[in-house]
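Hello,

Here is the structure I promised to hand over. Please open it first, then read my notes below.

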Amino acid sequence: MHRLKKAIVTGGTSGVGRSIVVALLRAGFEVHFIGTNQEKAISLLQELPPEEEKRAKFVQLDLSNLKAVQDFALSFQKAHTHLDILANIAGVVLPKREISPEGFEKTFAIGYLSPFVLSNTLLPLLIKAGSARIVNVAGNSKPIFDLRLNFDNLDFKKDYGLFKAPFAAIHAKTVLTQSLAKRLENKGVAVNSFHPGLIRSDLTRNFIWPMRVLSWFASPFMKKSSTLGTKACLDPALASVSGQFLEGGNQIKIDFEEAYCDGLWEATINMLQSAKIELSQESY
């Protein structure tokens, strides 16, 4: 009997996430796509062929609210028997430091802490799928690989910057890729990161108007969809490849120092515990 493949995509109403949602629907998946903008979700659904629209499920969720994120993941786990793909794509760029419902810096909460919570909470379903994937969006490899986080300032209470915080989030998510790949070795779950390239998105929506205008002028030179994002999710050649960073035509092993990976993992667990969010790690 044919088993319907299932996927969850965060940031699924625009940009990179939207292109992955469309590709997965075309490939026959049931796709649960997460976003905050219901109008954009409806617009996407209306553009789909009827057969694909039936398999598209919009989830309106604020990813900075980590308790709500965990509640969604637990509810999904109760309602489904498996999950084939978790694509952590959502991100945000904020001119000023903002605080999440649990008191964390919002860029870091959306771009890193929510993928951490989703990945860990949904692991039992990913393992049950038999050959599943966690796919994490990243950015240019050099700044991501060169960056090192201050574990005492993950919340950017000091030295917040418009681009510092987003790069910290995608760097941390890339380190998470390596940590999960190691922990899930021989569990049937491949974990990889990818650089999407220049894709039209809503990341500049919170910028001051001159920067939004510049972004608007640049948009015609940007792609509408992420080829590498689709490849990371669907390419059969990557089914058993894990712990890799896809950029252009290159496949780079993610190789941060083990102590650094463990340090970020421990700091993350401590942050979540301070917000009374407990994660079971029995699946490792």
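The buried residues of helix α4 are covered by several elements, including β1 (6–10), β2 (30–35), β3 (56–60), α5 (106–121), α6 (123–129) and α11 (258–274). Covering is judged by contact, which means heavy atoms within 4.5 Å. Helices (H or I, at least four residues) and strands (E, at least two) are DSSP runs, numbered from the N terminus.

A word on the source. This is a predicted model: local features need pLDDT of at least 70, side-chain atom pairs count only at pLDDT 80 or more, and totals for chains, interfaces and linings use all residues. Residues are numbered from 1 along each chain as its sequence is written, and side-chain values use heavy atoms, with hydrogens and water left out.

**Helix α4**

Which residues of α4 are buried? They are Leu66, Val69, Gln70, Phe72, Ala73 and Phe76. Buried means under 20% relative accessible area, exposed means over 50%, and partly exposed lies in between (1.4 Å probe, protein chains only). Seen down the axis of α4, the buried residues fall within an arc of 160°, so they line one face of the helix. The arc is that of the directions from the helix axis to the C-beta atoms. An α-helix has 3.6 residues a turn, so residues three or four places apart point the same way. On the other side of α4, Lys78 and Ala79 are exposed.

Now look at β1, one of the elements over α4. Of its 5 residues, 5 are buried. Lys6, Ile8 and Thr10 point one way, Ala7 and Val9 the other way, and all are buried.

β1 pairs with β2 in the parallel sense, over 5 bridges. Two strands pair if DSSP finds at least two bridges between them. Thr10 has Ile34 as its bridge partner in β2. How does the chain get from β1 to β2, and what is the hand of the crossover? The chain passes through helix α1 (residues 15–26), and this β-α-β crossover is right-handed. Right-handed means that, with the strands pointing away from the viewer, the path from the first strand over the helix to the second runs clockwise.

β1 also pairs with strand β4 (residues 85–88), in the parallel sense over 3 bridges. There, Leu86 of β4 is the bridge partner of Ile8.

Val189, Val191 and Ser193 lie on one side. Ala190, Asn192 and Phe194 lie on the other. Both faces are covered.

Strand β5 (residues 132–137) runs parallel to β6 and pairs with it over 6 bridges. Phe194 in β6 is the bridge partner of Val137. Strand β7 (residues 244–247) is parallel to β6 too, joined by 3 bridges. In β7, Phe245 is the bridge partner of Ser193.

**Two residues with positive phi**

Most residues other than glycine have a negative phi, and most peptide bonds are trans. Asp159 has a positive phi, near 60°. Asp159 sits in the loop between α7 (141–146) and α8 (164–183). Is Asp159 buried or exposed? Asp159 is exposed, with a relative accessible area of 54%.

Lys276 also has a positive phi, near 60°. Lys276 lies in the segment after α11. Lys276 is exposed, with a relative accessible area of 69%. The C-alpha atoms of Lys276 and Lys67 are separated by 8.7 Å, though the two residues are 209 residues apart along the chain.

**Cysteines**

How many disulfides are there? A search of the whole structure finds 0. A disulfide is a pair of cysteine sulfur atoms within 2.5 Å. Cys233 is buried, with a relative accessible area of 3%. Cys261 is buried, with a relative accessible area of 5%.

**The whole protein**

The protein has 11 helices and 8 strands. Buried residues make up 52% of its 284 residues. Take the contacts between residues at least 6 apart in sequence: 78% of them join residues at least 24 apart.

Best wishes
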